[in-house]
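Visitor: I am new to this structure and would like to learn how to read it. Please take me through a few features, one at a time.

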Amino acid sequence: MVENKADVVIVGGGLMGAATAFFLRQRGLSAILLERDLVGQGATNASFGNIRRQGRFLKQLPLANRSRRLWGDLNRLLGEDAEFLASGHIRVAFREEDAATLEQYKEDSAPYGLHLEMMRGNAMRSRFPFLSPEALMVSYSPHDGHANPRLAAPAFGRAAARAGARVIENAEVLGIIKDGVDFVVETKGKGNFRAPMVQVSAGAWGRAIARALGEDVPLVARAPQMAVTEPMPYRIEPVMGLHSSLPGEGVYLRQVKRGNIVFGGGNRSFADLVTKRANLDPANTLKQLPHVARLLPPTAKLRVIRTWGGVEGYIADDIPIMGESGRQAGLFYAFGFCGHGFQLGPGVGATMAELIATGQPGVEIEPFSIRRFANGFEEPPAADKPHHE
Ligand SMILES: Cc1cc2nc3c(=O)[nH]c(=O)nc-3n(C[C@H](O)[C@H](O)[C@H](O)COP(=O)(O)OP(=O)(O)OC[C@H]3O[C@@H](n4cnc5c(N)ncnc54)[C@H](O)[C@@H]3O)c2cc1C
């Protein structure tokens, strides 16, 4: 069989893989994107849609800032609209101890170029009149917001294809082997693909592929759980999150223009890598509801019309795997985005493409290197942790 050849083969067409394919073409490299199902059908499709920088691991902010700039320029870059809206993002504290950690984060993140506004009392209530009476302080990030997770990855995939990438759906990768200077990537039913460089961006399935290539990581698959209510009149512009140190309270919500409230947070459910299903636990939604109503009291009267989840990869230290392999030249990883990869997606694509094309990533990604697990690790507990957005 004739093998298909390119500069780079990308395994997995979620937001990370599709964005990398697009930016590789911008840099003049040929790329083949292999997606087992349809582009964007994995965790990306299930995302809440938060384009949030505040609250992130500080060393991730340079990457998040790069991504935020790209979100603002996406329509021009892709020629398609992923409905990014810079509506602002607020974290709301109900207690002084939680307000103190917001203040601390403001100070710590300022050197990274994130400028947060703290508000209390009248200033807070006149700016955000819909806030709960319990609200003590908000941390406002005016340039963050939300985008449509159903549109973003397919838009990147189509733009990559228009720019000359080969985007192949229903192409499950079965194995990757090294053959001289090239990797040979074998698929189920779509033939073999050959390239001197390969990127693994297979989301929660990245662990199995990396392990087969000799680099295991402590990833577990979990299913953060989202829901949407019936509509109410549109008046909530910013994305809102309840910032709380108490387990289970950390919920978040946003209102879409047609009025529905989308919310998430609390415990994650069981995710099955074999069936690719996120198994929803109705108890999780029931536990979220009172906290959502505390954050935005009018929601107490709304009915939930739909719930969903997605299969996401969580690394034990809650930061992703990104960068070069520690073992094989030409092999790159971008997976395991721990429930916070949607905002990062465009930046991950641009950074991986820059790294692959030039050998330099353009922003610091060393903390995300797979090499941090080269000396072994403890298997992460199967027990759940709350999903904070
Ligand atoms: C419910 C939910 C809510 C979230 N909310 C937010 C949010 O508000 N803000 C935020 O920043 N992040 C959020 N996230 C996280 C974010 O959506 C993910 O981190 C991000 O989309 C991951 O993108 P990805 O490309 O790495 O993975 P995926 O989108 O899962 O893509 C991986 C792709 O690889 C493919 N694949 C796997 N194995 C193979 C194979 N062998 N061969 C070929 N293809 C393969 C899969 O089919 C899949 O399409 C949320 C996640 C979930 C699940």
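**Reading burial, pairs and the ligand shell**

Guide: Glutamate 230 counts as buried, because its relative accessibility is 18%. Buried means under 20% relative accessible area, exposed over 50%, and partly exposed in between (1.4 Å probe, protein chains only). The model is predicted: local features need pLDDT of at least 70, side-chain atom pairs count only at pLDDT 80 or more, and totals for chains, interfaces and linings use all residues. Residues are numbered from 1 along each chain as its sequence is written, and side-chain values use heavy atoms, with hydrogens and water left out.

Visitor: Which side chain meets glutamate 230 in a salt bridge?

Guide: Side chains of opposite charge can pair when their charged atoms come close. A salt bridge is a side-chain nitrogen of Lys or Arg within 4 Å of a carboxyl oxygen of Asp or Glu. Here the partner of glutamate 230 is arginine 303, at 3.4 Å from N to O. Glutamate 230 is in strand S15 (residues 225-231) and arginine 303 in the loop between helix H9 (282-295) and strand S21 (304-309), so the pair ties together parts 73 residues apart in sequence. Helices (H or I, at least four residues) and strands (E, at least two) are DSSP runs, numbered from the N terminus.

Visitor: Is arginine 303 buried or exposed?

Guide: Arginine 303 counts as exposed, at 59% relative accessibility.

Visitor: How many salt bridges does the structure hold?

Guide: The structure holds 21. One of them joins aspartate 37 and lysine 276 at 3.1 Å, N to O. These two residues lie in distant parts of the chain, 239 residues apart. Lysine 276 is partly exposed, with a relative accessible area of 34%.

Visitor: How many residues of H1 are buried?

Guide: Ten of the twelve are buried, so H1 is largely enclosed by the rest of the structure. Among the buried residues are Leu15, Gly17 and Phe22. Just after H1, glycine 28 has a positive phi of about 85°.

Visitor: Which helices each supply at least two residues of the shell around the ligand?

Guide: They are helix H1 (15-26), helix H2 (43-46) and helix H10 (341-358).
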